Amino acid sequence: MTLPPALRRLTLAVHIICSVGWIGAAAAYLALGLAAQLSQRGEVVRAAWLAMDLTGWYVIVPLGCLALVTGLVIAIGTPWGLVRHYWVLIAFGLTSLALAVLILHMPGVTATAALAAQADDGAAAQLGGDVLHPGVGLLVLVFVAVLNVYKPRGLTGFGQRTRSRRLRPAADSS
């Protein structure tokens, strides 16, 4: 199935907006995590954890889900395909992994935000920040973005078979 040009462009635009938004929101989340990690002030740590919880569930997770779904639609609805090129498979796999880790990580963020909300300033200051997950996640997302821009060559076995079938001349049926 090939997407009509107008629908392909719309899907690509939504995909780019969601992907760039996901990267930007992850960078903002990392800044909040660093602020909580480096601050000794309980109110700063509390505010950072509450903001990370809200940002995670209401911005990062939805943008990640939309980026994955629109990327899948583009892969299936264009000649790139999902399993024809290694770069598409790697991008899809890393995006899926990043989203899965994010969704599994968010309940811990919610629990820590709840602790921060209940804690006095001294206890809140001891919570630290969330730096490792968003830092690694941001690196993965940037790598996927670069991979999608440069599109390194390399067909999978399926892609090579598909290409050879398309290039093979039709046999005479006479």
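1. Let's start with Lys151, which counts as partly exposed because its relative accessibility is 30%. On this scale, buried means under 20% relative accessible area, exposed means over 50%, and partly exposed is in between, using a 1.4 Å probe and protein chains only. You'll find Lys151 in the loop between α5 and α6 (157-167). Its phi is near 45°, a positive value in a residue other than glycine. For background, most residues other than glycine have a negative phi.

2. Before going on, a word about what you're looking at. This is a predicted model, in which local features need pLDDT of at least 70 and side-chain atom pairs count only at pLDDT 80 or more, while totals for chains, interfaces and linings use all residues. Residues are numbered from 1 along each chain as its sequence is written, and side-chain values use heavy atoms, with hydrogens and water left out.

3. Now the overall fold. The protein has 6 helices and 0 strands, so-called DSSP runs numbered from the N terminus (helices are H or I, at least four residues; strands are E, at least two). Reading along the sequence, you get α-α-α-α-α-α. The radius of gyration is 21 Å, well over the 16 Å that the globule rule gives for 174 residues, so the protein is more spread out than a compact globule. That radius is taken over C-alpha atoms, and the rule is 2.2 Å times the number of residues to the power 0.38. Along the principal axes, the C-alpha trace spans about 85 × 30 × 25 Å.

4. What about surface and interior? Buried residues make up 35% of the 174 residues. Take the contacts (heavy atoms within 4.5 Å) between residues at least 6 apart in sequence: 82% of them join residues at least 24 apart.

5. Next, the inside. A nonpolar core is a set of buried Ala, Val, Leu, Ile, Met, Phe, Trp, Tyr and Cys residues joined through side-chain atoms within 4.5 Å. The largest one here has 25 residues, and Trp22, Trp49, Ile60, Leu102 and Val109 have the most contacts inside it. Helices α1 (5-38), α2 (42-77), α3 (86-118) and α5 (132-150) each supply at least two of its residues, with the largest share, 9 residues, coming from α2. Apart from this core lies another, of 6 residues, among them Ala75, Trp87, Val144 and Leu147.

6. Have a look at Val109 and Asp53 together. Leaving out residues up to four places away in sequence, Val109 touches Tyr29, Trp49, Met52, Asp53 and Asp130. Asp53 is buried yet has no salt bridge, and the nearest side chain of opposite charge, Arg46, is 13 Å away. Here Lys and Arg count as positive and Asp and Glu as negative, while His and the chain ends are not counted.

7. How many salt bridges does the structure hold? There are 2, each being a side-chain nitrogen of Lys or Arg within 4 Å of a carboxyl oxygen of Asp or Glu. One joins Glu43 to Arg41, with the closest N and O atoms 2.9 Å apart; Glu43 is partly exposed, at 36% relative accessible area. The other pairs Arg46 with Asp121 (3.0 Å, N to O). Arg46 lies in helix α2 and Asp121 in helix α4 (residues 121-125), so this pair ties together parts that are 75 residues apart in sequence. Arg46 counts as buried at 17% relative accessibility, whereas Asp121 is partly exposed at 37%.

8. Val131 is in the loop between α4 and α5 and is partly exposed, with a relative accessible area of 28%. Val131 and Leu32 are 99 residues apart in sequence, but 8.7 Å apart in space, C-alpha to C-alpha. Beyond its sequence neighbours up to four places away, Val131 touches Leu30, Gly33, Leu34 and Gln37. Val142, in helix α5, is partly exposed at 39%. Its C-alpha atom is separated by 9.7 Å from that of Ser19, 123 residues apart along the chain.
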